[in-house]
Amino acid sequence: MKLDKKDILKALENITVPGEGQNMVESGAVKNVITFGDEVIVDITIKNPSLQAKKRTEVDILKTIHEKVYEKAKITVNVKVEAPAKPKTNVIKGNPIPGIQNIVAVASGKGGVGKSTVTANLAVALAKMGFKVGVLDADIYGPSIPIMFDVEAEKPLAVNIDGKSKMKPIENYGVKVLSIGFFTQPNQAVVWRGPMAAKALNQMIFDAHWGELDFLLLDLPPGTGDIHLSIMQSLPITGAVVVSTPQNVALADAKKGVAMFQQESINVPVLGIIENMAYFTPAELPDNKYFIFGQEGAKHLAEDLDVPFLGELPLVQSIREAGDVGRPAALQTATPLEQAFEKLTQNVVQEVVRRNDDLPPTEAIKITTMAGCSAVKK
């Protein structure tokens, strides 16, 4: 039997679009109908994004055409969803920092996995590649970036910018650095509640003269708490990098760290996972690898969560020593460590470029009144 387009459209007038009062022809939901012999293709657009609405639309079309036009018709239904924009109510938004192109958060679910070490070496490697780089030490209660850049005795100066007094970040190895560690004594504990810590962070972000930067790296504290929300509400984060060691205890927390960024109310792109302390190779046995904390745990986690795996870093004594004396290991030349950090940094840059090509510019996260107060379910 040869089907007629007019008969198909007349039959579709008997179906109401899910969630709307008009039938799908009157409402304009039916975008196109193509007939060829006993075959028919229906292109339809609905506003209800639920799987149930899509399935119901498809089933109704199949049933109606079979009943009212031809019971043996071969039907293809293409359902497209164009959900209306959600109203922006109770939205908390932050302002981007002029001159900063990309803001990358370096996070970890667990402390002690080498997040600050990775941040410092990423920053130095980026600077060696010719990028303009800054590091904001957002770990208010345990600032370690000043030590790793050998600037713990420095104090930021005030500069006058357009009639306003701004902090001038400390610079070393081509990287601009700000940390709460510059404003406290070495033996002084920072005993602050969340709002006080958030206020201090905002001052270091917006009352600083960062100048032109290609990358601002944020060294976040461990966990998924108040500081993280404050940072992401204040700044449009380009993407996040999660650092973990291969063992299950660290991976369980790294998974929560990824889930935090992927939560609907936060929705910060995860650029990937870095596996630190992946293996140990003694100097006297350069061909041997000892997987002290487990093997490829973070790599498998990245595959399970469908996020990029950015690379692995070995457990090497000189990385720790370099951090302790304030000269990051990425500053080395012609060594396996330099190559490891260079490859890792190239992967991070590649993911930032891909993210900027595929996704619109990030705004500071839009958190409604109660968002962020519930557990992240992933």
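Tyr173 lies in the loop between strand E8 (170–172) and strand E9 (175–179), in a model that is predicted. The phi angle of Tyr173 is near 55°, a positive value in a residue other than glycine, and the relative accessibility of this residue, 24%, places Tyr173 among the partly exposed residues. Most residues other than glycine have a negative phi. Asp150 also has a positive phi, near 60°, and is found in the loop between helix H4 (145–148) and strand E6 (157–161); with a relative accessibility of 47%, Asp150 counts as partly exposed.

As for the protein as a whole, there are ten helices and 13 strands, and buried residues make up 45% of the 378 residues. Among the contacts with a separation of 6 or more, 75% are between residues 24 or more positions apart.

The largest nonpolar core has 85 residues, and those with the most contacts inside this core are Phe149, Leu216, Leu218, Ile231, Ile237 and Phe261. Helix H3 gives the most to this core, with eight residues. Apart from this core lies another one, of 21 residues, including Ala29, Val40, Ile61 and Val77. In soluble globular proteins, nonpolar side chains tend to be buried together. Once neighbours within four places in sequence are left aside, Phe261 is in contact with Ala107, Leu220, Met232, Ala240, Val242, Ile266, Asn267, Val268 and Val270.

Helix H3 (residues 115–128) also packs against helix H10 (residues 336–358), their axes coming within 9 Å and crossing at roughly 80°. An angle from 65 to 115 degrees counts as roughly perpendicular, and H3 and H10 are therefore roughly perpendicular to each other. On the H3 side the contact is made by Asn121, Leu122, Ala125, Leu126 and Lys128, and on the H10 side by Glu338, Phe341, Leu344, Thr345, Val348 and Val349. Seven of the residues in this contact are nonpolar, two are polar and two are charged.

Helix H10 also holds Glu351, which at 13% relative accessibility counts as buried. Not counting residues up to four places away in sequence, Glu351 touches Leu271, Pro308 and Leu310.

Asn102, in strand E4 (residues 100–107), counts as buried at 11% relative accessibility. A polar atom of the Asn102 side chain lies 3.2 Å from the backbone oxygen of Asp214, while a polar contact of 3.0 Å joins the side chains of Asn102 and Asn356. With residues up to four places away in sequence not counted, Asn102 touches Asp214, Phe215, Leu216, Thr238, Val352 and Asn356.

Asp43 has its place in strand E2 (residues 39–46) and is partly exposed, with a relative accessible area of 24%. Although Asp43 and Asn78 are 35 residues apart in sequence, the distance between them in space is 4.8 Å, C-alpha to C-alpha. Leaving aside neighbours within four places in sequence, Asp43 is in contact with Ala29, Val30, Lys31, Asn32 and Asn78.

The accessibilities of the residues discussed are listed here.

| Residue | Relative accessibility | Class |
|---|---|---|
| Asn102 | 11% | buried |
| Glu351 | 13% | buried |
| Tyr173 | 24% | partly exposed |
| Asp43 | 24% | partly exposed |
| Asp150 | 47% | partly exposed |

Note on methods:
Residues numbered from 1 in each chain as written. Predicted model: local features only at pLDDT ≥ 70, side-chain atom pairs only at ≥ 80, totals over all residues. Heavy atoms only, no water. Axes fitted to C-alpha atoms, helices over the stretch in contact; angles between N-to-C directions. Helix = DSSP H or I, 4+ residues; strand = E, 2+ residues; numbered from the N terminus. Parallel < 35°, antiparallel > 145°, perpendicular 65-115°, else oblique. Contact = heavy atoms within 4.5 Å. Nonpolar A, V, L, I, M, F, W, Y, C, P; charged D, E, K, R; others polar. Core = buried A, V, L, I, M, F, W, Y, C linked by side-chain atoms within 4.5 Å. Buried < 20%, exposed > 50% of the residue type's maximum accessible area, 1.4 Å probe, protein only. Polar contact = N/O pair within 3.5 Å; in protein donor to acceptor, adjacent residues only side chain to side chain.
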